[in-house]
Amino acid sequence: QVQLVESGGGLVQPGGSLRLSCAASGSIFSIDAMGWFRQAPGKEREFVAGIRWSGGSTSYADSVKGRFTISRENAVRPVYLQMNNLKSEDTAVYYCAAKLGGGTRYNYWGQGTQVTVSS
């Protein structure tokens, strides 16, 4: 079992930056990949960025390429999401997620952190 806790959300003006963090606990050594998803009001949850734990290969949604960067650091806070040049359409609840080794889906989720981009 893996427990995830996100932090770093808040209110920022358009064009600003924000950095989200995700702390993992539990069976962290069984994690194969971690990622970030977001859900805006009235919309389905969508994939934002992902990173493979071994090797560090990354992937991004087209809407955030060139603006967002996902990275890994340590066992306490293994994944970050650096968000630059934020737009109003980035407003959403952002969720950290984890996929265990041998799996094909993200199965563990954090509670979410609100990101609001507004002037």
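**Reading the disulfide, a sheet and the rings**

Tutor: The torsion about the S-S bond of Cys22 and Cys96 is about -85°, so this disulfide is left-handed. This is a predicted model, in which local features need pLDDT of at least 70 and side-chain atom pairs count only at pLDDT 80 or more, while totals for chains, interfaces and linings use all residues. Residues are numbered from 1 along each chain as its sequence is written, and side-chain values use heavy atoms, with hydrogens and water left out.

Student: Are Cys22 and Cys96 buried or exposed?

Tutor: Buried means under 20% relative accessible area, exposed over 50%, and partly exposed in between, with a 1.4 Å probe and protein chains only. Both Cys22 and Cys96 are buried.

Student: What is the order of the strands in the open sheet of four strands?

Tutor: Two strands pair if DSSP finds at least two bridges between them. The order is S1-S3-S8-S7, with antiparallel pairing, and the edge strands, S1 (2-7) and S7 (68-71), each pair on one side only. Within this sheet, five bridges join S3 (residues 18-26) to S8 (residues 79-83), and Arg19 stands opposite Gln82 in S8.

Student: How many aromatic pairs does the structure hold, and how should I read their geometry?

Tutor: Rings of Phe, Tyr and Trp (its six-membered ring) pair if their centres lie within 6.5 Å; planes under 30 degrees apart count as stacked, over 60 as edge-to-face and the rest as tilted. The structure holds three such pairs. In one of them, the rings of Phe37 and Phe47 have centres 5.5 Å apart and planes at 75°, so the pair is edge-to-face. Phe37 is buried, with a relative accessible area of 11%, whereas Phe47 is partly exposed at 29%. Phe37 also forms an edge-to-face pair with Trp109, at 4.8 Å centre to centre and 65° between the planes. Ring pairs link Phe37, Phe47, Tyr106 and Trp109 into a cluster.

Key:
Helix = DSSP H or I, 4+ residues; strand = E, 2+ residues; numbered from the N terminus. Disulfide = S-S within 2.5 Å.
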